[in-house]
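Good morning, everyone, and thank you for making time for this. Please have a look at the chain on the screen, and then I will walk you through it step by step.

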Amino acid sequence: MGEATQVSSLPLPPMQYVGLYTDDNVQRGRAPSPPRPLHEGYSMFGVPFHGEEPVIRPLESQGIRRLYPQNYEHKKELKKLNHSLLVNFLDMVDVLIRCPDTSKRLEKKEDMSLLFVHMHHLINEFRPHQARETLRVLLDMQRRQRLDTAHRFHKHLDKVREILQNTLSVLPEPEPSAAWQQPSQATGAASSSQGQSPVQGHC
């Protein structure tokens, strides 16, 4: 009998992919092209998947017996599963104390595994809602940060305007410079000389 194939539950180290995309490989066109979309089945971590399947597959498609009805309330069913899990755990402890070699131990183990699978499945059905809620909270946080930044910007802008206005109000009035006085004096002297020349000529 051949040995069972070991399948890792984690992806391979990233260096095995990074090493294929060196600068030399990219320039020479040796880097692998992006993978094409898969339209058929594929295996990921040892679990078969199909491209047209929903993100969260029903229990029946995985060969698991459903313990709750088709129409259900997540919160109510999770509480019931949690209660059943605690009861089965206490029963298993009692079996281990009284007769650990009996087959009931394996039965309780399978029952607890089935309950855990159902609880995990119900929790996974909340993932799309969790993703939408996380995105909503992130966008709301970004909106509040931008509004706060805009508010602080306008506050600083008003403060700068106030400082400039106060600075302009305390500046002294500009005095006339000497360059403006000299032409006026020269003009006055010229006019006085012109006014005296006819008198001297008349004498």
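Predicted model: local features only at pLDDT ≥ 70, side-chain atom pairs only at ≥ 80, totals over all residues.

Let me begin with a pair of helices, α3 and α4, whose crossing is left-handed. Helix α3 covers residues 74-98 and helix α4 covers residues 104-124, and the two pack at an angle of about 160°, with their axes 9 Å apart. Because angles over 145 degrees count as roughly antiparallel, α3 is described as roughly antiparallel to α4. Which kinds of residues form the contact of α3 with α4? They divide into 13 nonpolar, 5 polar and 7 charged residues.

Now let us step back to the whole chain. Its secondary structure comes to 6 helices and 2 strands, and, if you read from the N terminus on, the elements run α-α-β-β-α-α-α-α. Of the 203 residues in the chain, buried ones make up 9%. Among contacts between residues at least 6 apart in sequence, 56% join residues at least 24 apart.

Next, I would like to look at two residues in the loop between β2 and α3, one of them being Leu 67 and the other Glu 52. Is Leu 67 buried, partly exposed or exposed? At 36% relative accessibility, Leu 67 counts as partly exposed, whereas Glu 52, at 78%, counts as exposed. Leaving aside residues up to four places away in sequence, Leu 67 touches Leu 114, Leu 115 and His 118. As for Glu 52, its C-alpha atom is separated by 9.0 Å from that of Gly 41, which is 11 residues apart from it along the chain.

Finally, a word about confidence. The mean pLDDT of the chain is 80, and 80% of its residues reach 70 or more. Where in the chain is confidence lowest, and where is it highest? It is lowest in helix α6, residues 178-202, at a mean of 51, and highest in helix α5, residues 127-170, at 93.

Notes:
Residues numbered from 1 in each chain as written. Heavy atoms only, no water. pLDDT = per-residue confidence, 0-100. Helix = DSSP H or I, 4+ residues; strand = E, 2+ residues; numbered from the N terminus. Axes fitted to C-alpha atoms, helices over the stretch in contact; angles between N-to-C directions. Parallel < 35°, antiparallel > 145°, perpendicular 65-115°, else oblique. Left-handed = near helix turned anticlockwise from the far one by under 90°. Nonpolar A, V, L, I, M, F, W, Y, C, P; charged D, E, K, R; others polar. Buried < 20%, exposed > 50% of the residue type's maximum accessible area, 1.4 Å probe, protein only. Contact = heavy atoms within 4.5 Å.
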